[in-house]
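Visitor: Hi! I'm new to this one, could you walk me through it?

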Amino acid sequence: MTQMTMVQAINNALREEMRRDDRVVVLGEDIGKNGGVFRCTEGLIDEFPDRGFDTPLAAAGIIGSAICMALYGLGPVPGLQFMDF
């Protein structure tokens with residue numbers, strides 16, 4: 001069995017799902033070039049340039065956008081900073 005960190009496992013799972021289903025998109029704070037707060041989305045924007053969206057620092061806006069995307073048939077994966085930001 002391959003050993004990996006939780007961050008590597010999340011990144012691999014996102015990559016696999018984005019390859020499998022073109023409706024899956026990621027959105028959140030610094031998920032693009034910075035790869036997310038813990039680098040969970042690192043490299044995804046390079047492979048899927050039209051399916052990763054950096055958002056403003058507004059948790060309610062991110063979640064609201066994800067809900068609307070889901071209602072339209074997409075598979076959004078919202079990424080938020082941690083609570084004490």
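**A look around the model**

Guide: This is a predicted model. Strands E1 and E3 run parallel and are joined by five bridges.

Visitor: Which residue in E3 is the bridge partner of Gly28?
Guide: That would be Gly79 of E3.

Visitor: How many bridges join E1 to E2?
Guide: Three bridges link E1 with strand E2, residues 52–54, and these two run parallel. Gly28 takes part here too, with Asp54 as its bridge partner in E2.

Visitor: Is E1 enclosed or open to the outside?
Guide: Five of the five residues of E1 are buried, so the strand is largely enclosed by the rest of the structure.

Visitor: Which residues sit on each side of E1?
Guide: Val24, Val26 and Gly28 are on one side, while Val25 and Leu27 are on the other. All of them are buried, and both faces of E1 are covered.

Visitor: Switching topic, what about helix H1? How far apart are its end C-alpha atoms?
Guide: They are 21 Å apart. H1 covers residues 6–20, and its 15 residues should span 21 Å at 1.5 Å a residue, so the two values agree.

Visitor: Which residues of H1 are buried?
Guide: Asn11, Leu14, Arg15 and Met18 are the buried ones. Viewed down the axis of H1, its buried residues fall within an arc of 100°, so they line one face of the helix.

Visitor: Why would residues a few places apart point the same way?
Guide: An α-helix has 3.6 residues a turn, so residues three or four places apart point the same way.

Visitor: And what do the buried residues of H1 pack against?
Guide: They pack against strand E1 (24–28), helix H2 (44–47) and strand E3 (75–79).

Visitor: Which residues are on the other side of H1?
Guide: Met6, Glu16 and Arg20 are there, and they are exposed.

Visitor: Now the loop between E1 and H2. What is the phi of Asp30, which lies there?
Guide: Asp30 has a positive phi of about 60°, although it is not a glycine. Most residues other than glycine have a negative phi.

Visitor: How exposed is Asp30?
Guide: Asp30 is partly exposed, with a relative accessible area of 36%.

Visitor: What about Arg39?
Guide: Arg39 also lies in the loop between E1 and H2. Its phi is positive as well, near 70°, in a residue other than glycine. Arg39 is partly exposed, and its relative accessible area is 41%.

Definitions and conventions. Residues are numbered from 1 along each chain as its sequence is written. This is a predicted model: local features need pLDDT of at least 70, side-chain atom pairs count only at pLDDT 80 or more; totals for chains, interfaces and linings use all residues. Side-chain values use heavy atoms; hydrogens and water are left out. Helices (H or I, at least four residues) and strands (E, at least two) are DSSP runs, numbered from the N terminus. The expected span of a helix is 1.5 Å times one less than its number of residues. Buried means under 20% relative accessible area, exposed over 50%, partly exposed in between (1.4 Å probe, protein chains only). The arc is that of the directions from the helix axis to the C-beta atoms. Contact means heavy atoms within 4.5 Å. Two strands pair if DSSP finds at least two bridges between them.
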